[in-house]
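The following note sets out points on the two chains and on the contact between them. Please read it alongside the sequence and the coordinates.

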Protein chains: 2
Amino acid sequence: MSLRAERVLRSAQHVAFFRKAGRWGHARRIVEGLLRPDAVEYPFEYPITTEIPVSDPRYNALLSAFYGQTTAQLEAIARAGHDVAVLCEGDPFFYGSFMHLHARLKGRVPVQVIPAITGMSAAWTATGQPIAWGDDVITVLAGTLDQARLEQHMRASDAVVVMKIGAHFPKVVRALQSAGCYEDAWVVQYAAMAGQSVAKLAEIKARSLPYFSIILVHGRGRRP
Amino acid sequence: MSLRAERVLRSAQHVAFFRKAGRWGHARRIVEGLLRPDAVEYPFEYPITTEIPVSDPRYNALLSAFYGQTTAQLEAIARAGHDVAVLCEGDPFFYGSFMHLHARLKGRVPVQVIPAITGMSAAWTATGQPIAWGDDVITVLAGTLDQARLEQHMRASDAVVVMKIGAHFPKVVRALQSAGCYEDAWVVQYAAMAGQSVAKLAEIKARSLPYFSIILVHGRGRRP
């Protein structure tokens, strides 16, 4: 966490955060002991996780309604004259859920975003190797892309980061194999979190990976 | 700066950092007031900046000798039984100068790397827009690449980050124009530093950009 984020959180009177229904929440757990004892908390519980596939039109409709409601809640707090801190894991503008609230709040109430350490930085640091050197090209891919597109980018890049893997793991592995970078790939699970694990991809036997997993292929470019 | 980095720096008895010859140094300035008054400082002054082109064999030879000397200094401190903190701007394993010391120190003395906020996260936060959405592909490019390679990656990606621009600026602009993303590009100079500026690329009249400049093209992917 950054000093700036810590300063905001220590004094925040209203604190909102996303979590899976019925869970304590990763983001909330990180700030345990940091918040004011009298801070008012707003847990935003995702209406769905993996029950409905992303391709189903109901998926977008449900999430869109959820983001609409949470935005209305934040806006109401702001209009009552209060600041509200929204917790994010990783960097808010790098595939964070908060992006969907930000897009809806923009122009309605003032929003300040505090940049943060991305999950991928935590992941490559955990491997003990720089992700890239010199003029290496780094590509960040979502495991949800189709195999051909994954392969095409893996071939064209010097360094690769794959996020959002989950049940797409076997397809991502096939793409890495076809692109010739399977042997060089690493998997970091729960980077910078409790239970962090780091392994060469070739050593992984599972058929799927937890949500907080990142696959890395390091670049080997020019270096003095 | 992260809480973890701050904790290390507040107690560090030996602190090393890179800087341009004769300058105070960006990294050193950031920690002013944070270090112990009796901390021993080791400024590592780059032997060259832009006097010798990267393509000149002397460039690599000079830098390699410089990294060799600084590594020897760090190793000597460690072998004398002391910890030494090395300052890095941005994330150390994301194109940081420290990578060249890390590669030389690895296996000789214990080294711990603390992940940090990348310059590109600071840059896209400064634009007030997420860099990418859903399964957008993000590609990180060095302005030192040739125009054809830049163009090819710009065309294939949804979101683009260009670093290491400097005197390569006109070439990067031509590549963005050919790839059809010039109108959507932003330039952030000195992200999260004093003198930060944010502008649409089309508004920039200069022929080169300062070292701490990043060009961004935001993705516009799937969003609920």
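1. Contact here means heavy atoms within 4.5 Å. Axes are lines fitted to C-alpha atoms, for helices over the stretch in contact, and angles run from 0 to 180 degrees between N-to-C directions. Helices (H or I, at least four residues) and strands (E, at least two) are DSSP runs, numbered from the N terminus.

2. This is a predicted model, in which local features need pLDDT of at least 70 and side-chain atom pairs count only at pLDDT 80 or more, while totals for chains, interfaces and linings use all residues. Residues are numbered from 1 along each chain as its sequence is written, chains are lettered from A and ligands numbered from 1 in the order in which they are written, and side-chain values use heavy atoms, with hydrogens and water left out.

3. Strands pair if DSSP finds at least two bridges between them; seven join E1 (residues 14-20) of chain A to E2(A), where A:Tyr46 is the bridge partner of A:Lys20.

4. Chain B also has an open sheet of three parallel strands, ordered E2-E1-E3. Strand E1 (residues 14-20) of chain B pairs with E2(B) over seven bridges, and B:Phe18 has B:Phe44 as its bridge partner in E2(B). H3(B) packs on this sheet, touching E1, E2 and E3 of chain B, at about 170 degrees to the direction of E2(B).

5. Between the chains, 56 residues of chain B are in contact with 56 residues of chain A. The two bury about 4500 Å², 63% of it on carbon and sulfur atoms; buried area is the accessible area (1.4 Å probe) that two parts lose on being put together, summed over both.

6. The rule finds two salt bridges across this interface, a salt bridge being a side-chain nitrogen of Lys or Arg within 4 Å of a carboxyl oxygen of Asp or Glu. A:Arg149 forms a salt bridge with B:Asp158, the closest N and O atoms being 3.6 Å apart.

7. Strand E4 (residues 138-142) of chain A is joined to E4(B) by three bridges, and the two run antiparallel. A:Val140 has B:Ile138 as its bridge partner in E4(B).
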